[in-house]
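Let us walk through a protein model together, one feature at a time.

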Amino acid sequence: MITPIISWLVLAISTISIFSDVARASASASAQYLSVDQRSLLLELRNSLVFNASKSSKLVQWDRSADSWSGVTCEDGLVVGLDLSNESISGGINGSSSLFRLEFLRSLNLAINDFNYTAIPSGLANFSRLEHLNLSEAGFAGQIPAELSRLTKLRTLDLRWAWLKLEKPNLRSLIRDFGELRELYLNDVNVSAEGSEWCDALSSSVQKLEVLSMSYCDLSGPIDASLMSLVNLSVIQLNGNNLSTTVPSFLANFSSLKTLSLFDCGLQGEFPQEVFQLQTLQNLDISTNELLRVSVPDFLKDSSLETLALWGTNISGRIPDSIGNLRKLSKLDLFNCSVSGSIPASMKNLSKLTYLDLSRNNLIGSVPPFGASRELTYLDLSRNNLTGSVPPFGASRELIYLDLSRNNLTGSIPPFGASRELTYLDLSDNALTGQITSVGWEDLLNLAIMYLDGNSLEGDIPPALFTLPQLMEIRLSSNRFNGQLIIYPNVSSCQLRSLDLGSNLLQGSVPASIFELQSLYFLSLSYNNFNGSINIDVLRGLGNLTILDLSYSGLSINAMAPASAIASSFPEYNHLYLASCRLRTFPRFLANQSELVSLDLSHNYIQGKIPQWIWTLRDLKYLNLSKNYFENLETPLHNLSSSLSTINLRSKVLRGNMLPLPRSVEYLDFSSNNITSVIPNNIGDHLSSSTWLFSLSKNNFYGSIPKSICKLSYLEVLDLSHNHLNGTIPNCLMMASLKVLNLRNNCLSGVIPQNIPTTCGLKTLDISENLLWGQIPLSLANCRTLEIMNIGDNQIDGKFPCHFIAISSLRVLILRSNKLHGEIGCSHSPYTWQKLQIIDLSSNHFNGMLPASFLASWEAMKVNVDFNHLQCEINPSSGRYYQDTVSVTFKGLKQELVKILTIFTSIDFSSNRFEGPIPYTLGDLKALYILNLSHNAISGSIPSIIGNLDQLESLDLSGNYLNGTIPAQLANLDFLSFLNLSNNQLVGSIPDSGHFLTFSKSSFERNAGLCGLALNKSCSITRNKTEVASDGGINDDSEKKWFYLSIPLGFVIGFWVFCGPLVFIRSWRYAYYRFWDKVLSRHSRP
């Protein structure tokens, strides 16, 4: 069998060679017989055209003595074909050009030139024999001349990608006599026609049409059924037209259809499944039609599909296993299609596959091996929910692009050394572990992009990475690399442009060779454990650097550059972050950084005055100088022309009364300083209307709140807390844009604004610790998005605000220390506070019984929610949050919660006049941390169901009229660390098990009938076998004394049994630390 095949191949090659020789001889002969007058016309044409000889490959060779004329086809001495495409021709074609005397032309190609937006010459209509006309990308513009309609023998017309339009004539007038036309390319020609118009024009004029390409022609829908008469259509391309219609099922009737492309056409409805079953169909592209629903059918085994692009559509369900039947498929693009389920294992059978994009979907399961896809060059499975390990790609030797980022992949990174063509590698934002020293980086000589950030990789960073000749970007941030950074010397020829090693555990000193990477424009070493110091002048070696982040790197930076280091020798930075670098002075070179956009020098030791030049940097938009030791601002600061949008001067020692107020500012934070001043009445005129955060908290501002602040129509956060402001709260502050209003701890008086609009968007309202009086306005219920409301420590009177029940988002309600009265039940309201987690009604005059059903509706106190903390998202595009704080009474002390954890729950009804029993529904609040009912008139016994509150840490029932015994179930509260049952009428024995033995005498005193160790009272048994306090005491009971002694002795022994190995055995200690690192990492993830 082998010999006949070889003989046949030899015969075939010989035949092809013979025909090639004949063809060359024919072409040469044709050239030799080109008539003299035809040669003259061609030379005259050449001399009349303006073209770039250095880029020309055809015209530059034309010569009267030439034997061949490149681009010219001739028959019987006549020019019948002329191809001057891509000849760098510029200017126009004169109407008298010899071109129009080449009257025997059947083919003319002037594509890819620059005719300088001139009109298509009408003289082309003289070519009555013309069959092929190509003017695509030729630089023609304007109306397509009506004369072209006389070219009735045209078989191909290509006017793509020009600035042309069809008005007079319109499409119908142009093509009505093109009965022989086979291919029509009008992409980017402004046709501007409705569906019935352009469809009818085509179907009635070009019955033999095979290729229809009218992308970006401003066509409208629908796709009319009249197109069915074009039975020979094999290509339909209508991309980029706003058809806004459904896809007609009759498209499946085109028996010769090979390509259907309806990209970005505003399609809607259901895509007909019959189209997928067309046996002739090779290329299908219906991408970027967001309203189009696609149900992918089972594919037939004899399918001809080679390209399937459905990205940006809405695919319901999974990828069918029959996708493996598409043995000819080379490209599959399902990007952002809402596909679910797993990736079918049958895809490994797609041996012709070169391009696969399944990114931004809801895929689960593992990444299948693509071993059979040896021609695979592009693979993107990013932004899914894939699990398992990264499969080996050793068989995919042609792989160029690999993106598996933003999944849940685990395990180590496999070797990639066999994929030597790999250029782009992105495995970021997964859960990959292990070291990366055995990946085979030294073999990836074509690697240009490498993203491994956002994993749990550890160990050393391979020095070989910095020797790869094509590598331009390395991102290894947010991992656990903990070795010493090693970069070999002599790397100045390295192409590396971006190096991100931030948020790791890298140690040791920074290698000096890193400052030899002369191509770097981005460098981040932030949030590491480096040690040592560097001089600021070493940065001069990175001449192309525009972004530098050394914040919290552990490095100390000496900002005093030597006298020889002039400011102009430093790179021109756009973004410079040097937070917590132990700076003691402003780097001098910053004054000349005219292109600086972001500057962060926070958390350093810089003293003195903030220099005036900082406000003159024309491009500076972000400035953070917080947590330094500035004392004042250099003057003058009037009429600032700075473009600053964010100013953060949070500090502890900034004094004075001058405020820099650039008109462009959007984020302004002067909190935690010692500024003593009034807030200017016209401050709203000095700030930009787009300012969204304004904070002057924790200063010494006095006077009234200016009403001009209400002019800041985009203000989202206003924090004037902890000052000495007086007067009333302006009514206009309750504006629709505001999300956070914090006026806490001032001297404000008057009533709470009464006419709060329905457009109120507040999420946090804190007006506590002022001198406000009057009643809580009913209109405050218009703030339907409120999460935190703090009106405590004022002089507010009236009844419990039942109208707040309609605020379903409420999480924190603090009304303590006011003059509120009456009952707190809101039984008539159909609403509940299901998200409420902190409520403080203490120190008021509320009375009546505790409402059982009201307490039972607080769902957030019944189950633990995810571990997080409350914060108000402000300006989502900035990614910033406002951190809410409140104070609570915890373990008998008033404490400030700087972060309000979502798992923290508290009920404080203390110091009121509540009466009656403790409701049994309290036992359902199993996620409760703090319960304080002290100093009321509550009676009855302590419900044993309180023993179900297994998260309870603080319980205060003191100062009531509780009777009966202490339920033994309270001893089961393992987290209870504070207990106060004093000043009641309790009797019987104090439980002597568990941590009840750790509570002091003060927790139980002034209960005449209580007895037990804590009170130093023995219990006697009465006739009815109950325990009561005895007068005898227990001083002579030696057994009890030994029991007391055993408590501290047992604690000491237990402590050293557990902690001793941690102190003296290093491996145990490291294992213990790693355990808690994992626990905290898992709970702190967003």
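We begin with an open sheet of 3 strands, arranged in the order S14-S16-S18 with parallel pairing. Two strands pair if DSSP finds at least two bridges between them. Strand S14 (268-270) and strand S18 (314-315) are the edges of this sheet; each has a single partner strand, so one side of each has no neighbour in the sheet. S14 is joined to strand S16 (residues 291-294) by 3 bridges, and the two run parallel. To find your place along this pairing, look for glutamate 270, which stands opposite arginine 293 in S16.

Before going further, a word on what you are looking at. This is a predicted model, in which local features need pLDDT of at least 70 and side-chain atom pairs count only at pLDDT 80 or more, while totals for chains, interfaces and linings use all residues. Residues are numbered from 1 along each chain as its sequence is written, and side-chain values use heavy atoms, with hydrogens and water left out.

Next, the empty spaces. Rolling a probe the size of a water molecule over the atoms shows where empty space is left. A cavity is a set of points, on a 1 Å grid over the protein atoms alone, where a 1.4 Å probe fits but cannot get out; lining residues have an atom within 4 Å of a point. Grid points are joined across faces, edges and corners, and a volume is the space filled by probe spheres set on the points. Searching the whole structure gives 6 cavities of 30 Å³ or more. The largest cavity has a volume of about 50 Å³. Its lining includes Val296, Phe299, Ile315 and Arg318. What classes of residue line the largest cavity? There are 10 nonpolar, no polar and 1 charged residues. In this scheme Ala, Val, Leu, Ile, Met, Phe, Trp, Tyr, Cys and Pro count as nonpolar, Asp, Glu, Lys and Arg as charged, and the others, Gly among them, as polar.

Now for the disulfides, each a pair of cysteine sulfur atoms within 2.5 Å. The whole structure holds 3 disulfides. One joins cysteine 710 to cysteine 732, with an S to S distance of 1.9 Å. This pair links distant parts of the chain, 22 residues apart: cysteine 710 is in the loop between strand S48 (700-703) and strand S49 (717-719), and cysteine 732 is in the loop between strand S50 (724-725) and strand S51 (740-742). The torsion about their S-S bond is about 70 degrees, so the disulfide is right-handed.

Are these cysteines buried or exposed? Buried means under 20% relative accessible area, exposed over 50%, and partly exposed in between (1.4 Å probe, protein chains only). Cysteine 710 counts as buried because its relative accessibility is 19%, whereas cysteine 732, at 33%, counts as partly exposed.

Cysteine 760 and cysteine 783 form another disulfide, with sulfur atoms 2.1 Å apart. Cysteine 760 is buried at 7% relative accessible area, and cysteine 783 is buried at 0%.

Finally, a disulfide joins cysteine 1011 to cysteine 1019, S to S 1.8 Å. Cysteine 1011 is buried at 0%, while cysteine 1019 is partly exposed at 26%.

Terms used. Helix = DSSP H or I, 4+ residues; strand = E, 2+ residues; numbered from the N terminus. 1 Å grid on protein atoms, 1.4 Å probe; cavity = no way out; pocket = protein on both sides within 12 Å on 5 of 7 lines; lining within 4 Å.
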